[in-house]
Amino acid sequence: STGQTGLFRFTGQGGVAAGVRRIEAVTGPEAYAGVQRVDRELAGLADVLKSRPEHLARKIDQLLEERARLEARVEEMVASGGSSALTGEERLDIGGVAVTVAETGSEDRKEIGQVADRFRESNSRAVLVLFSSAGRGAIHTAVTDDLVQGGKHAGALVKRIAEVSGGRGGGRPAFASAGAGDPDRLGEARAAVPGIVEAWLADGN
């Protein structure tokens with residue numbers, strides 16, 4: 001009787017004749033073994049994705065969204081010639097230090113870090129201040145090696161700028177980032193950059 005089959009687990013289906021399909025399944029101990037194999041595979045996937053089995057669907061959705069965002073970013077970079085485009089660029093000379101203030105549409109800290117590295121490699125006695133309105137908003141500062149050797153710290157600078165918008169942050173002497181606090185006040189923070197950089201240069205850090 002069907003009661004003797006116990007657990008009944010489908011394994012596949014196929015056509016055997018016109019209008020006729022065959023359903024294949026396993027029952028009894030083999031069905032339970034199949035369920036255990038699936039459980040082990042789910043547990044292995046959850047471990048790889050740093051999640052729990054019951055949260056795998058949500059985790060996969062997040063990864064797909066991130067992939068779509070990165071693909072869109074790659075297309076944007078290709079369209080702009082393969083580099084992270086900066087807008088609203090302004091160059092200042094403050095106390096003999098070349099200060100570049102600009103905006104970026106990227107919220108990828110690794111990508112912005114690469115922009116900062118290229119800036120530092122191609123300049124001396126220079127400071128880069130980047131404002132990003134993407135996501136929750138952010139501020140990034142980069143300081144060339146000669147200024148770092150003179151005791152200047154990008155983390156101290158970005159902290160002062162971020163305070164204008166109610167944000168905070170820090171980082172390495174050569175590169176640092178901070179949250180915007182209130183993104184609507186990024187314009188105010190940018191306007192304050194010349195005075196903040198001048199005071200930062202005059203101080204010990």
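This is a predicted model: local features need pLDDT of at least 70, side-chain atom pairs count only at pLDDT 80 or more; totals for chains, interfaces and linings use all residues.
Ile161 sits in helix H5, and it counts as buried because its relative accessibility is 0%, with buried meaning under 20%. For a sense of distance, take Ile60: its C-alpha atom is separated from that of Ile161 by 37 Å, and the two residues are 101 apart along the chain.

Now to the core itself. The largest nonpolar core has 26 residues, and Val127, Val129, Phe131, Ile139 and Ile161 are those with the most contacts inside it. Several elements each supply at least two of its residues, including strand S4 (97-104), strand S5 (126-132), strand S6 (138-143) and helix H7 (193-202). The largest share, seven residues, comes from H5. Apart from this core lies another, of ten residues, with Val115, Leu128, Leu130 and Phe175 among them.

Back to Val127 for a moment. Leaving aside neighbours within four places in sequence, the contacts of Val127 include Val97, Val99, Phe119, Leu157 and Trp200.

Which side chain does the His140 side chain meet in a polar contact? That partner is Ser177, at 2.7 Å. Beyond four places in sequence, the residues in contact with His140 also include Ile112, Leu128, Val129, Leu130, Val158 and Phe175.

Note on methods:
Residues are numbered from 1 along each chain as its sequence is written. Side-chain values use heavy atoms; hydrogens and water are left out. A nonpolar core is a set of buried Ala, Val, Leu, Ile, Met, Phe, Trp, Tyr and Cys residues joined through side-chain atoms within 4.5 Å. Buried means under 20% relative accessible area, exposed over 50%, partly exposed in between (1.4 Å probe, protein chains only). Helices (H or I, at least four residues) and strands (E, at least two) are DSSP runs, numbered from the N terminus. Contact means heavy atoms within 4.5 Å. A polar contact is a pair of N or O atoms within 3.5 Å; within protein, one must be able to donate a hydrogen and the other to accept it, and residues adjacent in sequence count only if both atoms are side-chain atoms.
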